[in-house]
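Work through the exercises below with the model at hand. Try each task before you read its solution.

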Amino acid sequence: MPSAPRPFRIDIPDADLADLTQRLDRTRWPDEIPGAGWSYGVDKTWLRELADYWRDGYDWRAHEAALNAHPQFTVDIDGQNIHFLHVRSPEPDATPLIITHGWPSTIADFRAILGPLSDPRAHGGDPADAFHVVAPSLPGYGFSGPTRERGWGVHRTARAWAELMTKLGYERYAVQGGDFGSLIAPELGRVARERVIGIHVNALAFAASPMTPDELELLDEADRERALNQERWWYGRSGYMHQMSTRPQTIAYALNDSPVGQLAWNLEWFVDYDPTQTRQTPVDRDAILTNVTIYWLTGTAGSAARLYFELGPEFRAGRPSPSGVPTAVANFPGDNAIQDLARLSHVITRWRDYDRGGHFPALQAPQELIADIREFFRPLTDTPRRTNTPTAERNH
């Protein structure tokens, strides 16, 4: 018999929190070149202040309770335990929407957008824009981890998401994703094309620079210069990706043993490398720590890193072809997707550049992200309006 979703509740033992506190107390801090700031990596003064707050001010139990306020489940799909939030709308004609996070995020990123997306009437919006929201944790991440076997890349995850939506009784649905989610969301449109209404992405991966010299020639002069600048920028900041995409197990030992090491490893993306010189909106420190704490408490830093390793063969195969599904791109500060490159793999029907927010818009610009999602899917779902109450609702 196929497995059915099981109710899930986060309940971290007190002993695990005590162990975290003790390890923070015992941190061995490295030296730092005076005045180096962020030029060699994470600034020690900045990191130490955040670690002290993690030790003495951050309240995991409060954030655990906030996450538990949303219905959560686990289910076995393709041999892997998958954790997900399932926030059903009170509107019977709501459109199903599956949203996917990336690295170093977790489903905790979505807390500010779940209510407005699922119940716009209660948040001053149009009830016609309501969604039944499904937010899975990526395989190997947090409460979906660790992965137990090879092969959990973008394509396999997209197939798992299609199966998840089938298990929930959703035959047609909308798709959204950022960072790794911006790869998985379009892939879901390829593996389940007839079921996907539309695809909305932010932090669109692999659309900021060409993959071949021929692609560079497709760009006009301004975009060619943008792409070359992006390549230079990426060269100095992609060490984490090269490590995780080639030797994820090696870094796993350090990350699984030192909470400050885990915090530093995840931190650079959340603070845009140097928080004193950025166009991005700062990420709240509690949001940073909630993500890092989930990785730490679940011991999934290593299995999350494996997604980069699994992406390697898919990346080397070249750009995938467009799915044929209408696709929207929301381009926030810190993300530099170029339309002509994006169109090589996507049917772009909407493109918006924003001057506020950042790589994690659910944390940095939630209202803008919510509005962009609503505006894109509104014409795709208005005619005709369908009833999308899940058939599995009787069970959970």
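This is a predicted model: local features need pLDDT of at least 70, side-chain atom pairs count only at pLDDT 80 or more; totals for chains, interfaces and linings use all residues.

Residues are numbered from 1 along each chain as its sequence is written, and side-chain values use heavy atoms, without hydrogens and water.

**Exercise 1.** Describe the largest pocket and its lining.

*Solution.* Start with the term. A pocket is an open set of points on a 1 Å grid over the protein atoms alone, where a 1.4 Å probe fits, with protein on both sides within 12 Å along at least five of seven lines; lining residues have an atom within 4 Å of a point. Next, the volume, the space filled by probe spheres set on the points, is about 910 Å³. Then the lining: 33 residues, with A205, F206, W234, M241 and F315 nearest the centre. By class, 20 are nonpolar, 9 polar and 4 charged.

**Exercise 2.** Which helix gives the most to the lining of the second largest pocket?

*Solution.* Helices are DSSP runs (H or I, at least four residues), numbered from the N terminus. α2 (44–56), α10 (248–257) and α11 (259–270) each supply at least two lining residues. α11 gives the most, with 5 residues. The pocket's volume is about 580 Å³. Of its 26 lining residues, R28, P30, L47, V260 and G261 are closest to the centre.

**Exercise 3.** Is F315 buried or exposed, or in between?

*Solution.* Buried means under 20% relative accessible area, exposed over 50%, and partly exposed in between (1.4 Å probe, protein chains only). F315 has 36%, so F315 is partly exposed. F315 sits in helix α13 (residues 301–316).

Key:
Ala, Val, Leu, Ile, Met, Phe, Trp, Tyr, Cys and Pro count as nonpolar, Asp, Glu, Lys and Arg as charged, and the others, Gly among them, as polar.
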